[in-house]
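Let's take a friendly walk through this chain, from its sheet to its pocket. Please have the model open as you read.

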Amino acid sequence: MFLKQRKIPIELEVYNYLQARTDFSEDENNYYGNLAKGFLGEVQFDEWLQEGSINLLILCDLLFEVTHTTFQIDSLGIAHNKIYLFEIKNYEGDFYLEADRWYTMGHNEIKSPVLQLKRSESLLRQFLKDIGVMLPIESCIIFMNPEFHLYNSSRELPIVFPSQLNRFKNKLHVLPAVPRTSHQIAQKIVSHHMNKSRFTRVPAYQFDQLRKGIVCCNCGSIATRLVHKNALGCDDCQSKEEVDAAVLRSVQEFRLLFPERMITTTAIYEWCGMVVSRRAICRILKHHFLLVGKGKSCHYQVE
């Protein structure tokens, strides 16, 4: 049972929204790719867990602070007598271990997932103690990608390889039913979740420097234009979308990227690249948002 669902990370949302509107550096492109790939692996893990009945209370994408240290957890599973800590990886390709260090086949050292897991487990144990939860923790790294292989691995490592996923799930299937006390523990843990990290890493951007227009909902390009009074068409993939839906998506982008800016007809008209008329923008905003103020100071807020 999922008590806390996974949401797309704000960092990834920002990158998704900026992709068509600016040019990333090589480092930013690599970071964006790793973010997207990691999130895909986490979503695949959630879907894998939902296939069949498992007596675990699943909490996804948690962020805590303990002794001035912020740490993130991919997934927790609350069982009747213990807590499972799942570190999810979506690595692809061949890797090898040498003296406890992890390398790609190109001999590039990467961060050790095992050390990451140990750090998370230590911080989680301290956090649980602080909130009065004394259950033991069982930690493991879940590799979701069937194209992943690790050479020189030891069977003592807390790792579940792609070929072991089904057998690992069989172990979870036989867990006893979760009692009411476990639900109370899960709610207590979720109540301490932090909604936003102070250390998000996104590219620097300014409104005036970004390309304006309405991003295609299908291919992600910014090559949309009005093909009918109620529809937009994409010159790249030929897909179509209703004007209202496209504008509302653009408002959502604007709100996330520029939370300090007011939502006004002029701002959204400019953000949409003047693809849709000012009158249509005004109509859509009035229908879906609350109009605040009068004259030049008027703007829209979420109801």
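## Terms and overall layout

Helices (H or I, at least four residues) and strands (E, at least two) are DSSP runs, numbered from the N terminus. This is a predicted model, in which local features need pLDDT of at least 70 and side-chain atom pairs count only at pLDDT 80 or more, while totals for chains, interfaces and linings use all residues. Residues are numbered from 1 along each chain as its sequence is written, and side-chain values use heavy atoms, with hydrogens and water left out.

The chain has eight helices and 15 strands. Its C-alpha trace spans about 65 × 50 × 40 Å along the principal axes. Of its 303 residues, 45% count as buried (under 20% relative accessible area with a 1.4 Å probe, protein chains only; exposed is over 50%, partly exposed in between).

## The largest pocket

A pocket here is an open set of points on a 1 Å grid over the protein atoms alone, where a 1.4 Å probe fits, with protein on both sides within 12 Å along at least five of seven lines; lining residues have an atom within 4 Å of a point. The largest pocket holds about 1,900 Å³ of space, a volume being the space filled by probe spheres set on the points, which are joined across faces, edges and corners. It is lined by 42 residues, and Glu11, Leu35, Glu42, Gln72 and Asp74 are the closest to its centre.

Which element gives the largest share of the lining? That is H2, with seven residues. Other elements giving two or more residues include helix H1 (10–18), strand E3 (69–78) and helix H3 (113–130).

## The sheet and its helices

Six strands form an open, mixed sheet in the order E1-E2-E3-E4-E8-E10; two strands pair if DSSP finds at least two bridges between them. Strand E1 (2–4) and strand E10 (159–160) are at the edges with a single partner strand each, so one side of each has no neighbour in the sheet. H2 packs on this sheet, touching E1, E2, E3, E4 and strand E8 (137–143), and its direction makes about 135 degrees with that of E4. Contact means heavy atoms within 4.5 Å; axes are lines fitted to C-alpha atoms, for helices over the stretch in contact, and angles run from 0 to 180 degrees between N-to-C directions.

E3 and E4 run antiparallel, joined by four bridges, and Gly77 stands opposite Tyr84 in E4.

## Glu138

Glu138 is in strand E8 and is partly exposed, with a relative accessible area of 27%. Its C-alpha atom is separated by 4.9 Å from that of Tyr84, 54 residues apart along the chain.
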